[in-house]
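Hello,

Below is the structure I said I would pass on.

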Amino acid sequence: MRANSSHGAVLRLVSIVMFLAFAVVAVAADAPANVAGTWNVDVSDGSRKTTQTITLKQDGATITGTFKGPRQSGTIDGTVDGKNVKFHVTARIPLDYTGTVDGDSMKGTMSGRGQQGDWTATRSK
């Protein structure tokens with residue numbers, strides 16, 4: 001009888017450990033990617049290419065920062081949801097960026113003034 005009791009306790013312990021492991025993985029998968037830092041951004045609409053610099057601060061899923069392009073500068077407000085990033089640049093010509101984060105790189109689409117383009121960014125080291 002004692003062996004069955006011991007076996008049941010081991011099974012309960014293994015079940016608890018597996019549940020906790022899955023819970024940790026689920027929380028980590030939902031955690032926002034780290035986008036804090038200075039990024040060099042290349043934007044292309046197919047015929048033109050421009051370089052920009054953004055500096056981002058992050059508080060959980062909320063991002064703020066600054067934008068500097070060749071013809072304007074402004075402020076940034078946005079969010080990070082897992083690996084998905086979305087931010088708005090408030091400047092003379094407002095810009096909206098959406099994309100994905102992969103470590104020290106990001107990529108996605110940018111829109112502003114009825115135009116759309118692709119962007120890639122690399123975090124400065």
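Is Asp104 buried, partly exposed or exposed? Asp104 is partly exposed, at a relative accessible area of 32%. For these classes, buried means under 20% relative accessible area, exposed means over 50%, and partly exposed lies in between (1.4 Å probe, protein chains only).

Some background before the rest. This is a predicted model, in which local features need pLDDT of at least 70 and side-chain atom pairs count only at pLDDT 80 or more, while totals for chains, interfaces and linings use all residues. Residues are numbered from 1 along each chain as its sequence is written, and side-chain values use heavy atoms, with hydrogens and water left out.

Overall make-up

The protein has one helix and eight strands, where helices (H or I, at least four residues) and strands (E, at least two) are DSSP runs numbered from the N terminus. Their order from the N terminus is α-β-β-β-β-β-β-β-β. Of the 125 residues, 29% are buried. The accessible surface is about 8,300 Å², and carbon and sulfur atoms hold 58% of that; the areas come from the Shrake-Rupley method with a 1.4 Å probe, and for residues only the protein chains shown count as cover. Among contacts (heavy atoms within 4.5 Å) with a separation of 6 or more, 28% are between residues 24 or more positions apart.

Salt bridges

Side chains of opposite charge can pair when their charged atoms come close. A salt bridge here is a side-chain nitrogen of Lys or Arg within 4 Å of a carboxyl oxygen of Asp or Glu. The structure holds three of them.

Asp104 pairs with Arg123, with 2.7 Å between the closest N and O atoms. Arg123 is buried, at 14% relative accessibility.

Asp104 also pairs with Lys125, where the closest N and O atoms are 2.5 Å apart. This pair links distant parts of the chain as well, since Lys125 is in the segment after E8 and Asp104 in the loop between E6 and E7, 21 residues apart. Lys125 is exposed, at 87% relative accessibility.

Another salt bridge joins the side chains of Asp45 and Arg48, at 2.8 Å from N to O. Asp45 is partly exposed, with a relative accessible area of 32%, whereas Arg48 is exposed at 56%.

Regards
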